[in-house]
Amino acid sequence: MWRDAMLVAERDLRIEMRSKVALWQVVPFAILVLLLFAFALGPGPALLKESAPGLFWLALLFSSVLAAQRSLAIEGSDATRESTRLMGLDPAGIFLGKTLALTGELIALEIVLMAGVILLFHVVVGTWWLLVASLLVAALGLSAVSVLYGSLAGGARMRATLLPVLVLPILAPVLIAGARCFASAMANGPGLGGRWLSVLCVFAAVYLVLGIVLYGPMEES
Amino acid sequence: MASAIQLRSAVSVAGRFPVLAGVDLDLDAGRVCVVLGSNGAGKTSLLKLLAGLAPLSEGSASILGYALPSDARPLRRQVGLLGHDVGLYDELQPEENLRFALRAARVDPARAPGALERTGITGRLASTPLGSLSAGQRRRVGLALLVARRPRLWLLDEPHASLDAETRSLVGELVEEAAAGGAAVVATSHEPELAVPMADHVATMAGGVVVDLVTGGRPRIDGVPDVA
């Protein structure tokens with residue numbers, strides 16, 4: 001399973017390096033969302049700072065759906081999916097590989113977005129370890145959910161519209177826990193941030209296990 | 001000679017529609033079967049059933065000794081399918097595509113350059129992203145994957161489509177080599193003048209069943225089979 005996961009992750013990242021879709025489409029979209037939020041709230045630094053955790057996570061969630069669409073499009077055509085099945089790759093390995101590659105892309109996106117909120121929203125982070133840990137775990141959870149539900153959404157024509165409808169409600173706990181972690185990280189001490197970090201860990205673990213178990217049967221069906 | 005394909009009253013249903021409605025077919029290893037028929041006759045569905053990609057709803061199927069539907073996954077590793085879309089990745093170069101597919105299939109990726117050379121994907125073409133190649137060149141990359149993987153069952157969906165005269169001739173050579181090496185080959189075609197000369201058996205499909213089967217008897221090694 002791990003061998004196949006590494007193989008698939010390497011392929012997905014290589015394709016992304018060639019196509020640069022995340023670089024030229026997803027990252028600009030994420031920055032645009034942040035800018036529009038900033039315009040909507042006005043120039044008051046107190047309001048911007050207070051709203052930053054929620055807006056950061058909303059921008060991340062919307063952008064992650066775009067990144068996931070792109071990742072899933074690699075196996076978008078029926079022929080490519082059939083070809084992958086004929087190669088005999090372990091379905092759990094395919095799920096893990098796609099999840100790992102997407103996690104890498106989301107971490108890069110999080111870094112850009114974090115720089116954006118620090119510049120635009122005057123955010124000062126006090127507890128960096130909490131923020132970094134929550135972003136890493138959340139990226140893994142977001143990726144696992146997106147790959148799993150992307151498989152459920154089926155072919156490319158359906159997926160473009162169905163994936164956001166399926167995924168965004170499922171990601172509500174990530175939005176809430178991530179925003180609470182962010183707010184705690186902005187405070188002087190972690191406060192309840194550790195508990196919200198646990199929520200993110202449980203979320204990621206549950207969807208990783210579900211994906212490993214269910215991805216194969218869902219692709220077969 | 002070992003049996004490669006045994007289908008008995010095989011039915012495959014897609015949604016509620018029976019795309020195969022009771023197919024009987026036998027093919028030994030080292031033999032070539034060409035399947036003719038009009039659009040919608042069930043030719044591509046037959047290939048997908050033989051690849052373990054389509055469901056077997058009724059009847060029985062034994063492919064390379066694997067019983068469907070239970071052994072579909074191990075069967076797939078032994079099967080090479082060349083469809084209208086080769087199912088590879090547009091952003092990757094031909095050799096990168098082949099190396100990935102071979103590593104995934106647990107086959108030595110060092111076979112990739114030789115296979116690409118065999119199908120004429122050399123020089124500039126070998127380093128061009130697949131998405132920038134013509135339809136015929138992409139098919140040659142798909143053929144190269146079959147050459148490198150050396151599957152025990154070759155499934156070719158209209159293998160002569162989109163190809164120039166030279167590559168059409170190459171398809172015939174590759175099929176001949178595969179059969180001589182002990183692989184079974186099933187190829188669908190709308191061009192009997194090109195496909196039938198490759199065949200030991202010619203099946204004609206209509207309405208999801210085999211309505212006519214002409215069986216030749218001469219071993220492939222003797223050259224042209226006697227089924228024209």
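Two strands are taken to pair if DSSP finds at least two bridges between them, and helices (H or I, at least four residues) and strands (E, at least two) are DSSP runs numbered from the N terminus. The model is predicted, so that local features need pLDDT of at least 70 and side-chain atom pairs count only at pLDDT 80 or more, while totals for chains, interfaces and linings use all residues. Residues are numbered from 1 along each chain as its sequence is written, with chains lettered from A and ligands numbered from 1 in the order in which they are written.

In β7(B), L155(B) is the bridge partner of L81(B), and β6(B) is joined to strand β7 (residues 153–157) of chain B by 4 bridges, the two running parallel. Both strands belong to an open sheet of 6 strands with mixed pairing, in the order β6-β7-β8-β3-β9-β10 (chain B). Because β6 and β10 (209–215) of chain B stand at the edges with a single partner strand each, one side of each is left without a neighbour in the sheet.

Helix α6(B) lies across β3 (32–36), β7 and β8 (184–189) of chain B and runs at about 150° to β8(B), where axes are lines fitted to C-alpha atoms, for helices over the stretch in contact, and angles run from 0 to 180 degrees between N-to-C directions.

Between the chains, 19 residues of chain B are in contact with 17 residues of chain A, contact requiring that C-beta atoms, placed from the backbone, lie within 7 Å. On the side of chain B that touches chain A, β6 (79–82) and α3 (94–104) of chain B are the elements that give two or more residues, and α3(B) gives the most, with 4 residues.

Note on methods:
Contact = placed C-beta atoms within 7 Å.
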